[in-house]
Amino acid sequence: MADDALTRFSNLTFGITLALYLAAAVASFHHLAFHRGRVLGAARALAFTGVAVHLTSIVTRGLAAGRVPWGNMYEYVSAVSFLLVMAYLVVERRWRVDAAGGFVLATAVTAMGAATLIYVPPGPLVPALNSYWLRIHVVMAMLGSALFTLGFVFTSLYLWQDRRERRSAPTAAPARQAALVGARGDHAEDHVPAEEPEAPVQPPRRGRLPAAASLDRLAYRTIVFAFPIWTLAVIFGAIWAEEAWGRYWGWDPKETWSFITWTIFAAYLHARATVGWRGRRAAVLALAGFAALAFNLYAVNLVIAGLHSYAGV
């Protein structure tokens with residue numbers, strides 16, 4: 001198949017993927033509202049079909065370009081969206097958080113829709129990117145980004161569910177708050193002693209969001225898994241920078257914001273592990289980390305000039 005035909009086929013399957021993810025998101029929201037098992041089955045089938053078609057789009061894009069298919073920002077966002085949905089399907093199977101599917105799929109649809117605005121035809125890499133480190137550093141960055149994004153979705157759902165639970169128990173909350181403050185001091189609703197172990201995630205009833213505490217733990221576990229991957233991405237990027245530009249670190253905007261993202265998530269994990277932060281205070285740090293991640297991807301690539309600008313990643 002000629003390169004032009006491969007490009008058209010990749011673009012076609014990208015569009016089909018977008019439609020499948022959108023349909024799966026709508027079905028997931030319908031299931032969340034009405035708790036119908038057949039609709040959940042349809043949502044899962046659409047999501048799995050979307051993942052297969054999405055993979056086809058990514059592979060044919062790489063074949064059309066004659067290289068790995070994550071050499072510019074459009075390809076990067078597409079691959080991160082694919083990994084995000086894949087990661088969610090694994091988590092959903094393990095912890096049965098099927099009610100969160102619509103939110104994850106809607107996030108992937110939003111990212112892919114934004115990617116269409118920065119579409120570029122497949123082409124060769126600039127010389128500085130033509131390195132085996134592109135297969136290592138960028139893969140780590142994409143996987144870390146996808147998992148941090150999944151953690152962002154769980155954190156946002158935690159805040160929503162926590163607010164609902166507080167509103168549904170207006171009389172119990174003040175009494176619990178007073179008891180905790182008297183025993184542990186201010187902000188006790190967000191503070192748990194460091195030695196207190198993480199409770200297991202409780203599977204929710206089908207079609208319902210997990211309890212706020214379970215969503216908080218899901219967000220934490222996702223970020224715990226993502227953090228070492230992002231750490232490796234930063235380290236491998238520094239090694240690649242030494243090979244490409246003769247220095248490990250130069251405070252380029254991309255390097256700086258990657259480090260800021262790492263620092264915020266390190267603070268999140270440190271706060272939970274040492275001073276026992278849980279709940280809303282920890283969620284604020286997680287959201288700040290995702291905001292830095294999104295700024296690093298979009299603002300740094302599209303607005304701020306730097307050594308990484310030509311790459312779009």
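I started at V303, which sits in the segment after α9 (279–302). Helices here are DSSP runs (H or I, at least four residues), numbered from the N terminus. Before going on, I noted that this is a predicted model, where local features need pLDDT of at least 70, side-chain atom pairs count only at pLDDT 80 or more, and totals for chains, interfaces and linings use all residues. Residues are numbered from 1 along each chain as its sequence is written, and side-chain values use heavy atoms, with hydrogens and water left out.

V303 counts as exposed at 69% relative accessibility. My cut-offs are buried under 20% relative accessible area, exposed over 50%, and partly exposed in between (1.4 Å probe, protein chains only).

**Salt bridges.** How many salt bridges does a search of the whole structure find? I got six, taking a side-chain nitrogen of Lys or Arg within 4 Å of a carboxyl oxygen of Asp or Glu.

I looked at D162 and R166, whose closest N and O atoms are 2.8 Å apart in a salt bridge. Both lie in helix α5 (residues 137–168), four residues apart, about one turn of the helix. D162 is buried at 10% relative accessible area, while R166 is partly exposed at 32%.

Next I checked R272 and D216, a salt bridge at 3.0 Å, N to O. R272 is in helix α8 (residues 253–274) and D216 in helix α7 (residues 212–245), so the pair ties together parts 56 residues apart in sequence. Both R272 and D216 are buried.

E255 and R247 also meet in a salt bridge, 2.9 Å from N to O, and both are buried. I also found R61, R67 and E75 linked in a salt-bridge network.

**Around E75.** What lies 3.0 Å from the backbone nitrogen of E75? I traced it to a polar atom of the N72 side chain. A polar contact is a pair of N or O atoms within 3.5 Å; within protein, one must be able to donate a hydrogen and the other to accept it, and residues adjacent in sequence count only if both atoms are side-chain atoms. N72 is in the loop between α2 (37–65) and α3 (73–95) and is buried, at 12% relative accessible area.

Key:
Helices (H or I, at least four residues) and strands (E, at least two) are DSSP runs, numbered from the N terminus.
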